[in-house]
Amino acid sequence: LRPRVHLDRVSERAQLYQVAQVTFAEGAGLWFLIRVRDAGVLAPLRQAVALLGEDGLGGRRSAGYGCFRPEWEDVTAHSDWRALFGDNEADGPHCLLSVCNPEPPELPGLLTDASYEVVERTGWASSGDGRAQAPRLPVRMLAEGSVLSGRPRGRVVDVTPPAFLELAGHRIYRSGLALAVPVRREART
């Protein structure tokens, strides 16, 4: 926790509050995986992530929170990663590394002999100019770590609140696309 001070503009009275900060040990941190099918998007993607690292993620960015230096690594160059992701097109059980909102026709094939948890995602939506704010429509997802009977695809879900499109001029979407890896199941006795 880091102490911060808020000064009231009218009375100039100080109010102490604390902000939580998460730090990572050397070699630890946040990671994400991306599959690039068109090598032409890699350079702009690297530039966008570098800019995001300079601007920061989350709240309190003006105080320097959320900044990072991205490091890029080709996981296909390492045998451990290649073994994990090399045959991701395979049929059979898959473990979710992300949340997933499957298309209704996908569900029967995925949930037979599966081990999963359903979570609800909510939150707030606001327009870029700040004129419109509203709670997003809730959406149910299969949680990370769920083991499904097949390879999930998932979908992007429109969570635009009623009347928000008219006020803000844009829709709000939540990604329910699956990131899953094949897993082996031990024989049950």
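In strand 10, Tyr173 is the bridge partner of Asp158. The model is predicted: local features need pLDDT of at least 70, side-chain atom pairs count only at pLDDT 80 or more, and totals for chains, interfaces and linings use all residues. Residues are numbered from 1 along each chain as its sequence is written, and side-chain values use heavy atoms, with hydrogens and water left out.

Strands (E, at least two residues) and helices (H or I, at least four) are DSSP runs numbered from the N terminus. Two strands pair if DSSP finds at least two bridges between them. Strands of a sheet pair through backbone hydrogen bonds, either parallel or antiparallel.

| Strand pair | Bridges |
|---|---|
| Strand 1 (residues 2-7) and strand 2 | 6 bridges |
| Strand 3 (residues 94-96) and strand 8 | 2 bridges |
| Strand 9 (residues 154-158) and strand 10 | 5 bridges |

Strand 10 covers residues 173-177; its covered face holds Arg174 and Gly176, while Tyr173, Ser175 and Leu177 lie on the uncovered one.

His94 is opposite Leu148 in strand 8.

Helix 1 (residues 42-55) has 14 residues and spans 20 Å from its first C-alpha to its last, close to the 20 Å expected at 1.5 Å a residue; the expected span is 1.5 Å times one less than the number of residues. Just after helix 1, Gly56 has a positive phi of about 95 degrees.

Ile34 is in the loop between strand 2 (14-19) and helix 1. With a relative accessible area of 45%, Ile34 is partly exposed (buried is under 20%, exposed over 50%, partly exposed in between; 1.4 Å probe, protein chains only).

Ser127 sits in the loop between strand 5 (124-126) and strand 6 (133-135). Ser127 counts as buried because its relative accessibility is 6%. Neighbours within four places in sequence aside, Ser127 is in contact with Ala132, Phe164, Ala168 and His170, where contact means heavy atoms within 4.5 Å.
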